[in-house]
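Subject: Structure handover

Hello,

Here is the structure we spoke about. My notes on it follow below.

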Amino acid sequence: MRLKLAIQKSGRLHDDSMKLLKESGIDIGNGVNKLKADATNFPLDLFFLRDDDIPQYVEDGVADIGFVGENVVYEKAKKVEVAYELGFGKCRLSFAVNKNESFTGSSFLAGKKIATSYPVLVQNYLNKNNIKAEIHEISGSVEIAPGIGLADVVCDLVSSGSTLFMNGLKEAETILHSQAVLIKKAGLDKEAAQILERLLFRIESVKKAKRNKYVLLNAPNANLDKIISLLPGMKSPTVVALATPGWSSVHSVIDESDFWEIIEQLKLAGAEGILVVPIEKMIL
Ligand code: PRT
Ligand code: ZN
């Protein structure tokens, strides 16, 4: 039994998807120019598809799981389950208006022509806010629609905002925050579910490692208690005596979110020679 994973053939999610598999210790055999490739050291087969087709393939069971943007998952509304947030491909789906226009909230959209590649998500938003507007579905270059008189408003994916800016538009309201997620077929059989669990365990270890740093520092023994209290570590910090009397080396793991704050406090508590090292995998 092998688990079938659908990923984007080429485009914004392809490289990060491949990188995550590689970091999870999964070697992919043949090149990506084919439709399919097999992992050589894990029971996983890869299918390379257009991102728009991934939810359908997973619903049909052609693939058991897929890596795809939430924007596509919710737009396609197929019978698939979001099993895990992968943390890359982050963007938002937003309404944007001419930069000179003053957007007054959702009522601004009433009676307007809206160009988008996400008609379902836009219609859901309009329904929720009880607004009637005209949706023009466009498959690409949505941002040029106002300039050529095709629409008054666009609803498109934004990451840096530079595409909107270059087209004289400004972001007005976000209707969805999106990232790449792992979707799975509803009712995955037991054996496939077990392989998925192994895969998720590896992915989680990679993600956890990225969020954390290994820290080594020298501390005067007089301040050791204070320094240890600042460093939780996986269980507790490792403390090793230095050759210089009265000093110890302290090793620990710090989460990215409070990294700088802890480093500052460590310095105040007399820590010296602080080294920060990336972690490759983290298994708890
Ligand atoms: O060929 P295929 O159909 O597989 O690919 P595609 O062309 O439909 O999709 P692709 O590769 O462009 O994007 C794949 C996924 O990446 C999307 O479904 C999102 O989940 C995610 N993603 C993340 C983005 C962006 N960021 C993004 N910025 N997808 C598109 N954009 C576009 C946006 O549409 C706009 O044209 O980038 C432009 C805006 O970027 P900024 O940085 O100028 O704001
Ligand atoms: Zn696409």
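In the lining of the largest pocket, twelve residues are nonpolar, 15 polar and eleven charged. Here Ala, Val, Leu, Ile, Met, Phe, Trp, Tyr, Cys and Pro count as nonpolar, Asp, Glu, Lys and Arg as charged, and the others, Gly among them, as polar.

This is a predicted model, in which local features need pLDDT of at least 70 and side-chain atom pairs count only at pLDDT 80 or more, while totals for chains, interfaces and linings use all residues. Residues are numbered from 1 along each chain as its sequence is written, chains are lettered from A and ligands numbered from 1 in the order in which they are written, and side-chain values use heavy atoms, with hydrogens and water left out.

The pockets

A pocket is an open set of points on a 1 Å grid over the protein atoms alone, where a 1.4 Å probe fits and protein lies on both sides within 12 Å along at least five of seven lines; lining residues have an atom within 4 Å of a point. The volume is the space filled by probe spheres set on the points, which are joined across faces, edges and corners.

The largest pocket holds about 1,100 Å³ of space. Its lining has 38 residues, and those nearest its centre are Arg12, Asp51, Asn71, Tyr118 and Leu157. Helix H3 (70–76), helix H4 (119–128), strand E9 (153–158) and helix H5 (162–166) each supply at least two lining residues, and H3 gives the most, with four. Helices (H or I, at least four residues) and strands (E, at least two) are DSSP runs, numbered from the N terminus.

The domain assignment of the chain gives domain 1 (3–88 + 180–188), domain 2 (91–178) and domain 3 (212–278); such bounds come from an automatic or database assignment. The largest pocket lies between domain 1 and domain 2, because both give residues to its lining. The centres of domain 1 and domain 3, taken over C-alpha atoms, are separated by 40 Å.

The second largest pocket has about 200 Å³ of space. Among the residues that line it are Asp16, Lys19, Phe88 and Arg211. Helix H1 (14–23) and helix H6 (190–211) each supply at least two residues, with H1 giving the most, four. This lining divides into three nonpolar residues, one polar and seven charged.

Single residues

Asp52 is partly exposed, at 28% relative accessibility. Buried means under 20% relative accessible area, exposed over 50%, and partly exposed in between (1.4 Å probe, protein chains only). Leu21, in helix H1, is buried at 1%. Ala77 has a phi near 50°, a positive value in a residue other than glycine, and is exposed at 58%.

Regards
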